[in-house]
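Please look at the sequence and the structure first.

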Amino acid sequence: MKTIVPALAALLLAVTALVAQAHGNVTPQAVDTQDLPKLKGPLTVNPYRDNKKAITIGAAAYGQNCARCHGLGAVSGGIAPDLRNLPVGDDGDEYFQMRIRNGSIRNGVTYMPPFGEIFSEEAIWSIRAYLDSVHQD
Ligand code: HEC
């Protein structure tokens, strides 16, 4: 018992750390968009479509804020929809911005938190530019 108890305690700690990591940081992370053209929103069509700098910034913003639910590289692990399947083009843009701003709250249950108050217009559209770049039919 003498050696097993500390070993178990260490194991439990390691597992807890892993679980915490898998869930990622719950605090929304700021997105540095100063290198992108300034936007005046709310827009419903992506002004950064195919903009390489926006895609790079959006990839980082996605990794910090969305991947914990939607999966690394937008490959869903099944917790939340696979965002590679979002429609491309203007219709997809409109749906995307509505979702990211409002999140998804149904019957008082928050399935996805709203990001409208947290992200700048530039951050929102850089994430959309990134998701377009990994789109799959
Ligand atoms: C806490 C987990 C969580 C986080 C964090 C999260 N989402 Fe979601 N998201 C969900 C869930 C769950 C759904 C499905 C909601 C539903 O069924 O109503 C969803 C739905 C969506 C949809 C609609 C997908 C579809 O196919 O209809 C989009 C777009 C989306 N999320 C984008 C994002 C983006 C971009 C981020 C990061 C800024 C993000 N989400 C962060 C959980 C999350």
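Which element supplies the largest share of the shell around the ligand? That share, four residues, comes from α4. The model is predicted: local features need pLDDT of at least 70, side-chain atom pairs count only at pLDDT 80 or more, and totals for chains, interfaces and linings use all residues. Residues are numbered from 1 along each chain as its sequence is written, and side-chain values use heavy atoms, with hydrogens and water left out.

At least two shell residues each come from α3 (67-70), α4 (89-102), β1 (104-106) and β2 (109-112). Helices (H or I, at least four residues) and strands (E, at least two) are DSSP runs, numbered from the N terminus. C66, C69, H70, Y95 and M112 come nearest among the 21 residues around the ligand; a residue counts if one of its heavy atoms lies within 4 Å.

The iron atom of the ligand is coordinated by H70 (NE2) and M112 (SD), at 2.0 to 2.2 Å. H70 in helix α3 and M112 in strand β2 are 42 residues apart, so the pair links distant parts of the chain. Donors are N, O and S atoms within 2.8 Å of the metal (3.2 Å for Na, K and Ca).

| Side chain | Ligand atom | Distance |
|---|---|---|
| H70 | nitrogen | 2.8 Å |
| S104 | oxygen | 2.5 Å |
| R106 | oxygen | 2.9 Å |

Key
Polar contact = N/O pair within 3.5 Å; in protein donor to acceptor, adjacent residues only side chain to side chain.
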